[in-house]
Amino acid sequence: SSGTDDVTAAEAYLESLGWSEETMNKLKSRYQEKFNPNVDASVKPLLQWLEDLGLSDEQVQKSVGRFPRLFRFSLENKLKPFARWLEDLGLDKPEIAKAIGR
């Protein structure tokens with residue numbers, strides 16, 4: 001599919017989750033070209049992982065709204081190793097969620 005179709009699908013998916021227009025506009029304005037919006041490959045796994053860490057839907061939306069670059073990071077190569085590193089430092093899941101959700 002084309003990049004435009006992927007963006008449209010990602011937007012539709014996030015809107016279906018009840019994401020605010022403000023958060024959606026931040027994503028579109030800041031990271032349109034760099035946003036990897038493939039819903040099944042990047043968006044859903046990232047959101048699921050954040051929720052698995054213990055963030056609520058609202059916290060996930062706030063985190064991404066404040067730090068839209070989360071969508072640009074590789075879940076397997078960046079975020080999960082970072083979380084494991086924090087765990088190795090002695091942080092528990094709620095503390096890791098808080099660190100990533102800032």
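Is F82 buried, exposed or partly exposed? Select F82 to begin: this residue is partly exposed, with a relative accessible area of 36%. In this tour, buried means under 20% relative accessible area, exposed means over 50%, and partly exposed lies in between, computed with a 1.4 Å probe on protein chains only.

**Before going further**

The structure is a predicted model, in which local features need pLDDT of at least 70 and side-chain atom pairs count only at pLDDT 80 or more, while totals for chains, interfaces and linings use all residues. Residues are numbered from 1 along each chain as its sequence is written, and side-chain values use heavy atoms, with hydrogens and water left out.

**The whole chain**

Display the protein chain as a cartoon. Its secondary structure comes to six helices and zero strands, and the pattern along the sequence reads α-α-α-α-α-α. Helices (H or I, at least four residues) and strands (E, at least two) are DSSP runs, numbered from the N terminus. Buried residues make up 36% of the 102 residues in the protein chain.

Now colour the chain by pLDDT, which is the predictor's confidence in each residue, from 0 to 100. The average for the protein chain is 80, and 83% of the residues score at least 70. Where pLDDT is low, the predicted coordinates should not be read in detail.

A contact means heavy atoms within 4.5 Å. Among contacts between residues at least 6 apart in sequence, 69% join residues at least 24 apart.

**The nonpolar core**

Select L14, W19, L46, W49 and F71. Of the 24 residues in the largest nonpolar core, these five touch the most other members. A nonpolar core is a set of buried Ala, Val, Leu, Ile, Met, Phe, Trp, Tyr and Cys residues joined through side-chain atoms within 4.5 Å. Two or more residues of this core come from each of α1, α2 (21-31), α3 (39-53), α4 (57-66), α5 and α6 (93-100). Helix α3 gives the largest share, seven residues. In soluble globular proteins, nonpolar side chains tend to be buried together.

Which residues does L14 touch, not counting residues up to four places away in sequence? They are W19, M24, L27, V43, L47 and F71.

Move to α5. This helix has 14 residues and reaches 18 Å from its first C-alpha to its last, close to the 20 Å expected at 1.5 Å a residue. The expected span is 1.5 Å times one less than the number of residues. Within α5, L75, L79, A83 and L86 are buried, and what covers the buried residues includes α3 and α6.

Rings of Phe, Tyr and Trp (its six-membered ring) pair if their centres lie within 6.5 Å; planes under 30 degrees apart count as stacked, over 60 as edge-to-face and the rest as tilted. By this rule the count comes to one aromatic pair. W85 is partly exposed, with a relative accessible area of 47%. After α5 comes G90, whose phi is positive, near 110°.

**Helix α6**

Select α6, where I96, A97 and I100 are buried. Seen down the helix axis, the buried residues of α6 fall within an arc of 100°, so they line one face of the helix. The arc is that of the directions from the helix axis to the C-beta atoms. On the other side of α6, P94 and K98 are exposed. What covers the buried residues of α6 includes α3 and α5.

**Three last stops**

Select Q61 in helix α4. Q61 counts as buried, at 15% relative accessibility. Not counting residues up to four places away in sequence, Q61 touches G18, W19, S20 and T23.

Stay in α4 for D57, which is exposed, with a relative accessible area of 53%. D57 and L17 are 40 residues apart in sequence and 8.6 Å apart in space, C-alpha to C-alpha.

Finally, select E11 in helix α1. E11 is buried, with a relative accessible area of 18%. Not counting residues up to four places away in sequence, E11 touches M24 and K28. The C-alpha atoms of E11 and V39, 28 residues apart along the chain, are separated by 9.0 Å.
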